[in-house]
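This report covers a helix pair, a chain interface and a few individual residues. The sequence and coordinates come first.

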Amino acid sequence: MAERLTERLRAAASAVWDAQAEHPFIRGIGDGSLDVERFKHWVRQDYLFLTDYARMLSLASARAPDLEAMTRLAELAHATLATEMSLHRAYAEEFGISAEELERERPAPTCRAYTDFLVRTAATGSFPELVGALLPCMWGFSEVGLALKRGGQPADGRYRAWIDMYASSEFAALAEWCRELLDRVGAGLPPSELRAVEDAFVTSCRYEYLFWEMAWKLETWPV
Amino acid sequence: MSIVHDLTEAHREEWERVVLHPFVLELGAGTLPRRTFAAYMAQDYLFVDALARTVAYGIAKAPSAAEARPLAAFLQTLLGAEDDLFGRVFDELGMPPPAEARPDPLPVTARFGRFVEGVGRRGTFEEIATALYVTEGTYADWASRLVAASARPDDALYRSWIDIHADPALAELVAHLGGWIDAAPPGREPAMASVFRRALRHEAAFWNAFVPSRAKMRRDHRG
C-alpha cells in the first residue's frame, strides 16, 4: 500500500512538530510549571479562535464533495459552537475568567493571522487545500495530548483535565477522520495542487506553533 | 419599524399564494396523489443539498457565534433528522435510497438551487437570512396553518412532512432570521428586497412544477 498522503505531509512539517513538542508552553503544562497567566491568555485567545474555526468548518461543509463529509463537517461546526465553546466558558471560569471577559477579548496578532489564513484558504483555496489547512489543529492537539499523557500527570488538576481532553480517544478519532478525508480528497492530485495542499498544511502547523508562542509571550498588539 | 414585516407585507399576495398553494392544500387534505408527492420529494431532496450549503455559508458569514449557533443547529436538523425522513419516505414510496437514486434535477430545481447557493456564496449575512426567511418561513407558515386547521391526512408520510415543518424549532429559527433581517445595517434593504422577491418566486415555481396553481392553469388555458 502506498504511503498515506498525510504521512508525507507530517514528514514535511516534522521540524515544526518537534519544535511544538519542545515548546516551553507545552512542557509547562506537562510538568505543571506553566504560569497561570500564560495559560489564561491561551484560553481567552482560543475561545476567539473557535468562533472562526467554526466559520472554516462551515465553509468546508458548504464546499464538501459529498453528503457524508458535508454532514460530518456541519456536526463539527455545531459541536464547536455549542459544546466546545461552552466547555471553554466553564473552563475559563475555573481560571477566574468571566463570560463577559471572554466576549470582550480581542484577537492577538497571531490568533488574527491564523484564523484569517484558515478562513481565507477555506474561501479561496481548493477543497483539498482547505482540508490541508484544517488538519494540523485536530491532529496536532491529539498528538500533544497523547504525548503529555504518556509523560505523566501535572499536579494542577486543571492542566490534567486539559491533557485528558486532548488525549481522549474521541479526539484521536476526530484527527483520524480528518486524515482519512485528506487522504481521500488528495488522492491523485497533480503535483502543483499537491504542493498547494502541502503549503497549506505546513503553514497551519507553523501557526499552531506560533499560537503556543503567542500564549507564552502574552502577545498583544505593540501599537 | 421592522424590515421583515415591511418585506412580508409588500409581498403579501405572493406569500399567500405560496403558503395556500393547491399542493399544500391537497397535502393537508390527503388528496395529493402519491406519485406527485414522490416526484416532489425526489426534487426537494436535491434542493436541500443547495439549501444546506447556503446555511453553511450563513454560519461562516455570521457576525458572531450568537447568530452562528442557531444556524448550526438547523443545519444539523437538515442533514440529520430531515435526511433520515427523506430516507424513510423514499423507502416507503418504493424509491431507491436518495444517495443512489440521484435523479436529474428539473430545471426549476436547478434554478432554485443555484439561486440560494449563489446568495450563500456571494450574498451578505442579511441576504442569506432573507433567502432562508422565505424558504423556511413559508414552510413553517403553511405547515402550522395546516396543523391549526386540524388538517390530519390519513397518509402517515404526509403527516410526517407536515409535522417536521410545524415543529416549534423551525418557527424559532424563522424568528431568529427575522430578527437578523431587522438588525441589518442601514442601506441594505434594496438588496434584501430583491432576494426576498426572487426567493418567493422560486418557491411558487417549485410548487407549480408538481401541482399547477389556479392562476397558472388560467394562464395556460388562455395561452
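## Helix pair in chain B

In this predicted model, B:Val116, B:Val119 and B:Gly120 of helix 8 of chain B meet B:Glu127, B:Ile128, B:Ala131 and B:Thr135 of helix 9 of chain B. By class, the residues of this contact between helix 8 and helix 9 of chain B are 4 nonpolar, 2 polar and 1 charged.

Helix 8 of chain B spans residues 107–122 and packs against helix 9 of chain B at an angle of about 150°, the two axes being 8 Å apart. Angles over 145 degrees count as roughly antiparallel, so helix 8 of chain B is roughly antiparallel to helix 9 of chain B. The crossing of helix 8 and helix 9 of chain B is left-handed.

## Interface between chains A and B

The contact between the chains involves 17 residues of chain A and 17 residues of chain B. On the side of chain A that touches chain B, helix 4 (36–62) and helix 5 (67–94) of chain A each supply at least two residues. Helix 5 of chain A gives the most to that side, with 10 residues.

The side of chain A that touches chain B is made up of 10 nonpolar, 5 polar and 2 charged residues.

## A:Ser126

A:Ser126 sits in the loop between helix 7 (109–124) and helix 8 (127–150) of chain A. Because 17 other C-beta atoms lie within 10 Å, A:Ser126 is partly exposed.

Apart from its neighbours within four places in sequence, A:Ser126 is in contact with A:Glu193 and A:Ala196. The C-alpha atoms of A:Ser126 and A:Leu73 are 16 Å apart in space, and the two residues are 53 residues apart in sequence.

## Residues with positive phi

A:Leu218 has phi near 50°, a positive value in a residue other than glycine. A:Leu218 belongs to the segment after helix 11 (191–216) of chain A. A:Leu218 is partly exposed because 13 other C-beta atoms lie within 10 Å.

B:Ser150 also has a positive phi, near 55°, and is a residue other than glycine. B:Ser150 is found in the loop between helix 9 (125–148) and helix 10 (156–166) of chain B. A residue counts as exposed if 12 or fewer other C-beta atoms lie within 10 Å of its own; B:Ser150 has 7 C-beta neighbours inside 10 Å and therefore counts as exposed.

Note on methods. Residues numbered from 1 in each chain as written. Chains lettered and ligands numbered in written order. Predicted model: local features only at pLDDT ≥ 70, side-chain atom pairs only at ≥ 80, totals over all residues. Helix = DSSP H or I, 4+ residues; strand = E, 2+ residues; numbered from the N terminus. Buried ≥ 20, exposed ≤ 12 C-beta atoms within 10 Å, placed from the backbone. Contact = placed C-beta atoms within 7 Å. Axes fitted to C-alpha atoms, helices over the stretch in contact; angles between N-to-C directions. Parallel < 35°, antiparallel > 145°, perpendicular 65-115°, else oblique. Left-handed = near helix turned anticlockwise from the far one by under 90°. Nonpolar A, V, L, I, M, F, W, Y, C, P; charged D, E, K, R; others polar.
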